[in-house]
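I am opening my notebook to look through a protein model, one topic at a time. Come along and check each entry against the picture.

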Amino acid sequence: MAQDIETIGIADLFGPPSPERERADATIMAAASGIGFMAVRDFPGDAWLTPQKRARLLEIFALPEAEKQKLLRWNFDRTRKNVYRGWFPLQPTAVSYKEGIDMGPDLAHARTTRSDDPLCEPTPLPAEQALPGWRAAAASYYLAMEAVGNALMRSVARGLGLPETIFDADFDGGISTLRLIRYPLRDPNSGVDTSGPEFSVVHKGETRTVIGREHADSGFVTLRPGRRRGPAGEEPRRRMDRRAARRRHAGCQFRPIA
């Protein structure tokens with residue numbers, strides 16, 4: 001039987017020790033050690049989940065193609081030096097038909113970047129004149145989700161009976177990624193045969209498009225806003241992968257605890 005994903009109010013995680021915080025910790029621990037997923041609400045920065053705020057961040061998808069091309073990463077433009085950070089365009093024949101941008105901590109933090117490490121390289125961002133105010137909005141969202149990730153990690157530590165700050169040092173100066181991503185409907189006249197099982201499945205008599213294969217996220221904690229359909233069935237998303245500063249943790253997963 002499928003399990004429901006519980007919605008947990010986490011306002012008390014941002015306050016001092018209290019019976020309410022202990023109850024929130026216990027609920028989070030139950031979700032982490034069970035289904036491995038949870039929905040959270042009532043946290044600083046949750047105003048970013050309103051339709052108006054979401055639309056502000058997703059304005060980057062309305063940029064002209066010429067502006068998007070300035071943000072491309074190396075595997076789509078070999079003249080670029082950025083390997084991981086940057087824009088990935090729509091690929092007509094790919095099963096996962098999507099476009100978006102991966103942004104690193106330099107979006108929100110003044111720190112030295114490194115060109116020899118893909119996770120620490122500078123993020124190509126749209127010019128201020130191309131998208132006025134967007135950088136500041138994206139940085140604000142990044143910081144809000146970073147704070148939520150920190151609060152959840154401290155809650156998990158308490159739930160494990162560990163000092164609540166035990167994970168702090170590993171995430172200080174972290175390399176978390178903010179990904180903005182859009183899955184538009186594929187043009188049926190694009191010449192791509194989408195009748196195969198890798199492109200669609202039939203569920204309860206309804207044909208549904210496959211937008212991504214089974215995979216594991218590379219972050220320690222992955223934060224996603226609630227699902228919301230865009231115009232014409234498009235699926236715009238934002239995702240924050242909380243990653244540790246030390247490379248030995250970069251591949252960790254936030255999985256159910258045995």
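My entries below go from the overall fold to single side chains.

**Entry 1: ground rules**

I am working with a predicted model, in which local features need pLDDT of at least 70 and side-chain atom pairs count only at pLDDT 80 or more, while totals for chains, interfaces and linings use all residues. Residues are numbered from 1 along each chain as its sequence is written, and side-chain values use heavy atoms, with hydrogens and water left out.

**Entry 2: the overall fold**

I looked up the secondary structure and found five helices and nine strands in the chain. Helices (H or I, at least four residues) and strands (E, at least two) are DSSP runs, numbered from the N terminus. Reading from the N terminus, I noted the order β-α-β-α-α-β-β-α-α-β-β-β-β-β.

Next I checked burial: 41% of the 258 residues count as buried. Buried means under 20% relative accessible area, exposed over 50%, and partly exposed in between (1.4 Å probe, protein chains only). The chain exposes about 14200 Å², and carbon and sulfur atoms supply 53% of that area. These areas come from the Shrake-Rupley method with a 1.4 Å probe, and for residues only the protein chains shown count as cover.

I also looked at contacts (heavy atoms within 4.5 Å). Among contacts with a separation of 6 or more, 66% are between residues 24 or more positions apart.

**Entry 3: the nonpolar core**

Which residues touch the most other members of the largest nonpolar core? I found Ile60, Met103, Leu107, Trp134, Met145, Leu178 and Leu180, in a core of 42 residues. A nonpolar core is a set of buried Ala, Val, Leu, Ile, Met, Phe, Trp, Tyr and Cys residues joined through side-chain atoms within 4.5 Å. At least two core residues come from each of helix H1 (19-33), strand S4 (99-103), helix H4 (134-159), strand S5 (177-183) and strand S8 (221-223). H4 gives the largest share, 14 residues.

I kept a background remark here: in soluble globular proteins, nonpolar side chains tend to be buried together.

I then picked Met145 and listed its contacts: leaving out residues up to four places away in sequence, Met145 touches Phe43, Leu223 and Met240.

**Entry 4: salt bridges**

I counted 17 salt bridges in the structure. Each is a side-chain nitrogen of Lys or Arg within 4 Å of a carboxyl oxygen of Asp or Glu.

I zoomed in on Arg158 and Asp25, whose side chains meet in a salt bridge at 2.7 Å, N to O. Arg158 lies in helix H4 and Asp25 in helix H1, so this pair ties together parts that are 133 residues apart in sequence. Are these two partners buried or exposed? Arg158 is buried at 18% relative accessible area, and Asp25 is buried at 7%.

Another bridge joins Glu59 and Arg56, with the closest N and O atoms 2.4 Å apart. Glu59 is partly exposed at 33% relative accessibility, and Arg56 is partly exposed at 22%.

Lys68 and Glu65 also form a salt bridge, the closest N and O atoms being 3.4 Å apart. Both lie in helix H3 (residues 65-69), three residues apart, or about one turn of the helix. Lys68 is buried, with a relative accessible area of 4%. I also found a network joined by salt bridges that share partners: Arg21, Asp25, Arg154, Arg158, Glu164 and Asp168.

**Entry 5: aromatic rings**

How many aromatic pairs are there? I noted two. Rings of Phe, Tyr and Trp (its six-membered ring) pair if their centres lie within 6.5 Å; planes under 30 degrees apart count as stacked, over 60 as edge-to-face and the rest as tilted.

Trp48 and Tyr141 make an edge-to-face pair, 6.1 Å centre to centre with 80 degrees between the planes. Trp48 is in the loop between strand S2 (39-41) and helix H2 (51-57), and Tyr141 is in helix H4, 93 residues apart. Trp48 and Tyr141 are both buried.

Phe61 and Trp87 make a tilted pair, 5.7 Å centre to centre with 55 degrees between the planes. Phe61 lies in the loop between H2 and H3 and Trp87 in strand S3 (residues 86-88), so the pair ties together parts that are 26 residues apart in sequence.
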